[in-house]
Amino acid sequence: MQAQYPPVVISGTGLYRPPYVITNAELVDAFNAYADQQNAQHAEAIASGERAAVPHSSVEFIEKASGIKQRYVIEKAGVLDPARMYPRFTPRGDGELSLMAEIAVDAARQALAQAGRTGADVDAVLCASANMQRAYPAMAVEIQQALGAGGYGFDMNVACSSATFALEQAFNAVRTGSARCVLVVNPEITSAHLEWRDRDCHFIFGDVCTALLVERADTAVSADAWEILGTQLATQFSSNIRNNFGFMNRAEDRDPDARDLTFYQEGRKVFKEVVPMAAAHIEAHLARLGLEPTQVRRYWLHQANQGMNQLVIKKLVGADAGSDVAPLILDEYANTASAGSIIAFQHHRADLQAGDTGVICSFGAGYSIGSVVVRKR
Ligand code: CO8
């Protein structure tokens, strides 16, 4: 006999949006200045065929290939300095709140306020992100302390699917009774682990942090509660999106001039392989819950590429579905790794009515796909 679990809701969400915008035009100007500098510096090697010239980037390409128009970043001047092309962060002492924890606390406080809760109500914190600022102590434990939360906290990383995978952990912890109120935070400081000098990927990411509060429906006091009807996670190994940066690097005696080991991908392969996987995953999850894709009022999809989302939706509900069915936020935020589908949920749920069903779905490195089916209470 299947166990009967109490209903569980997402009772609040929060969003930390960094203070600086980088438009595509600004980004391309900085990249092209860097390319010109490199090409001037290596003119002889380029002329002799020993080295390839760095080609220019273009706003038209970025917008056509991805749909991204701008991104938010925590620090802008360092990224746009052609001699640097990394954000410039001031190191903090061990006694100070770390940057990742700071943006997570900001988003978390908004989620708590929306849910009518305080930090003291939280008894589990999951910090789920594509990259952690450090290995330990866990970011989640620092965030737990900063919020005055009890219970336990841990970090988890499933790249772009970190938030949906964490939602399943939160859902299970609450419905089985191992926690009463779980905070999920997704601080994504992508600007610090993006190779801004690589034309193929320099436009893809933006910084942000999202937060979600998960608790039992019968004790929730939120006026905007979303019952979790079910979660479904899937992974399938692929090397098409990788970040090989890690503690082993310094022991590997690599070429110091080789490309940065952080994010790189075979974007076109990812596009082709992930679209059918994501559509089939969502369809199977909905079927398990006795639902047809056309019965879903809104899809809050992972925000990596406009064309990918259009194809996923076309496979699910037909050609005519527009932004009302699957809203895009990547034009404004770019790809924010695990936070993308949660930002879409944050900005595009207020118009739904009680009883409306929606799907939060992420897809990305691993490959990993996570879907969470919710219904407005
Ligand atoms: N400007 C001008 N031309 C360019 C540029 C540029 N910036 N970049 C590439 N080109 C050129 C290429 O050189 C190529 O030229 P040619 O045809 O002569 O060889 C041409 O444009 C076409 O290049 P692509 O085939 O690469 O272009 P696509 O049409 O495939 O578009 C995209 C590239 C936008 C990257 C697209 O493939 C895409 O979005 N794919 C899906 C990717 C995806 O979803 N990835 C998930 C990543 S996120 C994740 O899961 C983990 C993230 C962890 C966080 C990391 C934070 C840093």
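**Around the ligand**

The ligand has 27 residues around it, and Cys160, Arg199, Arg268, Asn305 and Ala365 come nearest (a residue is near a molecule if one of its heavy atoms lies within 4 Å of it). This is a predicted model, where local features need pLDDT of at least 70 and side-chain atom pairs count only at pLDDT 80 or more, while totals for chains, interfaces and linings use all residues. Residues are numbered from 1 along each chain as its sequence is written, and side-chain values use heavy atoms, with hydrogens and water left out.

**The shell**

- By class, the shell around the ligand has 14 nonpolar, 10 polar and three charged residues.
- Helix H3 (59-66) and helix H8 (267-288) each supply at least two residues of this shell.
- H8 gives the most, with four residues.

**Polar contacts** (pairs of N or O atoms within 3.5 Å)

- In Ser57, a polar side-chain atom lies 2.9 Å from a nitrogen atom of the ligand.
- The side chain of Arg268 has an N or O atom 2.7 Å from an oxygen atom of the ligand.
- For Ala365, a backbone N or O atom lies 2.7 Å from an oxygen atom of the ligand.
- The ligand taken alone exposes 1,200 Å², and the protein buries 76% of that (areas come from the Shrake-Rupley method with a 1.4 Å probe).

Terms used:
Polar contact = N/O pair within 3.5 Å; in protein donor to acceptor, adjacent residues only side chain to side chain. Nonpolar A, V, L, I, M, F, W, Y, C, P; charged D, E, K, R; others polar.
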